[in-house]
Amino acid sequence: MQLSYLSEPSVLYNLQYRYSQDMIYTKAGPVLVAVNPFKKVALYGNEYIKAYRNKTMDSPHVYAIADSALREMKSDEVNQSIIISGESGAGKTETAKIAMQYLASLGGGSGIEYEILQTNPILEAFGNAKTLRNDNSSRFGKLIEIHFSTTGRICGAMIQTFLLEKSRVVQCAVGERSYHIFYQLCAGAPTTLREKLNLKKVDEYKYLKQSCCYSIAGVDDAEMFRAVTEAMNIVHISKEDQDNVFAMVSAVLWLGDVSFTIIDNENHVEITVEEAAETVSRLLGCSIEDLNLVLSKRHMKVNNENIVQKLTLTQATDTRDALAKALYASLFEWLVEQINKSLSVGKRRTGRSISILDIYGFESFDKNSFEQFCINYANERLQQHFNRHLFKLEQEEYVEDGIDWAKVEFEDNQDCLNLFEKKPLGLLSLLDEESTFPNATDLTFANKLKQHLDTNSCFRGERGKAFTVRHYAGEVAYDTSGFLEKNRDLLHMDSIQFLAKCKLSIPQTFASKMLAQSDNLESIPYRPSVADSQKLSVAMKFKGQLFQLMQRLESTTPHFIRCIKPNNLQLPAIYGQELVLQQLKCCGVLEVVRISRSGYPTRMTHQKFARRHSC
Ligand SMILES: Nc1ncnc2c1ncn2[C@@H]1O[C@H](COP(=O)(O)OP(=O)(O)OP(=O)(O)O)[C@@H](O)[C@H]1O
């Protein structure tokens with residue numbers, strides 16, 4: 001249904017009415033709003049795909065969006081993008097899969113489309129987890145670019161991922177789970193693999209035990225494990241590589257169980273030589289001595305002299321956890337790389353592409369940390385893209401219709417973006433600068449922000465370690481606790497060299513990648529103590545990725561889908577009006593309504609106008 005009179009109440013009323021009739025898709029201007037049904041709805045499958053392809057059906061649908069993208073790609077010879085956003089649990093990943101399904105069905109034939117669809121179970125196993133908001137929450141952002149040949153057939157794809165939440169590997173809130181693959185492997189590995197990897201039950205691993213949550217209602221982890229290995233076969237990850245992947249997964253779990261023995265009265269430690277340490281060293285292909293060395297000592301350069309520092313229990317535990325996180329994040333990156341090799345367009349001729357972006361939506365919780373800071377920054381960028389595009393569309397439409405128009409004003413979020421990006425006195429630069437000072441703390445960082453940014457209209461310093469940003473979607477108060485550490489994300493050179501020395505090829509590959517990144521150190525503006533650490537800060541790397549992403553999106557014709565979560569219980573047939581209203585505001589849908597209203601809100605064809613108003 002296309003509303004002819006676009007007003008806030010009419011959008012709200014229609015969304016709710018349609019939802020009650022299982023019509024979960026509604027168009028608000030050029031944006032498709034998808035309200036999560038939290039149940040199976042009979043809207044998908046071959047019959048529906050056929051109906052949208054043959055234009056016998058034209059009600060709003062993800063299929064209709066995918067269809068316009070395909071059509072415009074062919075007719076205008078311009079790359080397309082489908083930008084999906086929404087809160088956690090709103091249905092972005094499902095929507096992305098539904099769009100992929102349509103494209104695969106219309107552009108398929110070579111078989112590669114099946115491979116593309118099979119990337120989903122792999123990425124979900126390694127990058128999704130049960131959270132309090134969503135049983136299958138993606139803990140990373142994803143762009144999948146599907147390539148079409150000049151004849152309109154799918155000929156390959158490329159996946160890019162953003163900011164995997166690696167802290168989850170070592171730390172997980174009560175009632176949530178770590179990444180699915182840990183539970184799937186423990187439940188589903190066949191006996192020989194189980195013995196080879198020395199797998200225990202999930203409730204016996206320290207990393208998994210802390211959240212007291214091991215299963216998901218209605219999900220069979222053992223069955224999922226089989227689906228994941230099958231998908232790995234399909235994207236040509238060899239049996240040997242699969243075994244190596246699972247050895248790394250097991251090594252990460254066992255690493256969490258490595259414990260330490262205090263050896264002196266200064267709290268210095270050595271690893272306790274027992275099953276955990278032995279299993280880790282066997283799985284990584286290193287000696288127990290090397291494992292002990294990397295976890296209990298650190299090489300440092302002081303006044304040009306090499307010294308070895310003994311680590312205290314806290315330092316050793318942090319080093320162990322940092323190694324586990326780095327191993328897992330490298331494994332995830334490596335998997336994406338393997339998938340990309342398998343889907344690569346290679347020398348095959350390529351015409352155009354359709355990119356599907358499934359990225360975390362704006363987040364505002366009671367406590368907001370570094371992760372929300374990055375996610376909301378990304379959303380500011382995407383929102384600007386959204387605004388500019390819709391604004392442009394609006395004006396183009398007037399010009400096309402020969403309407404005498406006055407400039408439509410809309411709220412730009414450039415000020416907020418400047419607050420983040422300005423050099424040297426923007427949030428990101430100040431964070432990076434502070435991250436390089438060894439004695440800096442989260443409090444000195446918060447004070448620095450207050451000192452330099454208090455006059456900025458998008459910023460407000462709060463008491464203690466907090467600050468508030470006025471985002472386009474509302475104010476968010478951030479707590480700087482952990483900001484510096486998460487941004488530095490230190491993995492010491494010792495750990496990288498340790499991985500490089502392992503006998504197995506996969507940790508060696510991880511180490512070479514890390515070293516390659518730390519070779520670019522000259523390009524980092526402020527990192528005096530960097531000799532002992534690695535790479536760009538997390539925020540700077542993310543900013544770089546985001547700029548690249550925006551550049552890519554700028555050259556495409558965008559199609560926007562906004563996913564809405566009607567309740568926080570993940571249950572069907574419950575529609576919280578306030579909750580929906582708040583999300584519509586956050587994702588800019590109401591702004592679209594406002595832009596339309598400040599221009600010409602009522603649109604009618606000549607025929608319809610004549611029919612209604614002629615005497
Ligand atoms: N079109 C749909 N039909 C049926 N169920 C759906 C649909 N969309 C979403 N769901 C249900 O909602 C759940 C959450 O959806 P999804 O994982 O896509 O959310 P998300 O927005 O990607 O969340 P996150 O940001 O946490 O990854 C799904 O697991 C599924 O149960």
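Predicted model: local features only at pLDDT ≥ 70, side-chain atom pairs only at ≥ 80, totals over all residues.
Let us start at the ligand. The shell around the ligand holds 19 residues, and those that come nearest are Ser88, Gly91, Thr93, Glu94 and Ser137. Two elements, α4 (92-107) and β5 (137-138), each give two or more residues to this shell. Helix α4 supplies the largest share, three residues.

Next, have a look at helix α11, which spans residues 275-284. Why can this helix be called largely enclosed by the rest of the structure? Seven of its 10 residues are buried, and therefore the remainder of the structure largely encloses α11. A residue counts as buried here when 20 or more other C-beta atoms lie within 10 Å of its own. In α11 the buried residues are Ala276, Ala277, Thr279, Val280, Ser281, Leu283 and Leu284. If you want a reason to think about spacing along a helix, recall that an α-helix has 3.6 residues a turn, so residues three or four places apart point the same way. After α11 comes glycine 285, with a positive phi near 80°.

From one helix we can move on to a pair. Two packed helices are described by the angle between their axes and the distance between the axes. For α5 (residues 112-127) and α6 (residues 180-188), the packing angle is about 100° and the axes are 5 Å apart. Because angles of 65 to 115 degrees count as roughly perpendicular, α5 is roughly perpendicular to α6. On the α5 side the contact is made by Glu124, Ala125 and Phe126, while α6 contributes His180, Ile181 and Gln184. Sorted by type, the residues of this contact of α5 with α6 are three nonpolar, two polar and one charged.

Our last stop is a sheet. Strands of a sheet pair through backbone hydrogen bonds, either parallel or antiparallel. This open sheet has three strands in the order β13-β14-β15, and the pairing is antiparallel. Its edge strands, β13 (459-461) and β15 (474-479), each pair on one side only. On average, neighbouring strands of the sheet are turned by 20° against each other, direction ignored. How many bridges join β13 to β14? Three bridges link β13 to the antiparallel strand β14 (residues 466-471). Within β14, phenylalanine 467 stands opposite glycine 461.

Key. Residues numbered from 1 in each chain as written. Near = placed C-beta within 6 Å. Helix = DSSP H or I, 4+ residues; strand = E, 2+ residues; numbered from the N terminus. Buried ≥ 20, exposed ≤ 12 C-beta atoms within 10 Å, placed from the backbone. Pairing = 2+ DSSP bridges. Axes fitted to C-alpha atoms, helices over the stretch in contact; angles between N-to-C directions. Parallel < 35°, antiparallel > 145°, perpendicular 65-115°, else oblique. Contact = placed C-beta atoms within 7 Å. Nonpolar A, V, L, I, M, F, W, Y, C, P; charged D, E, K, R; others polar.
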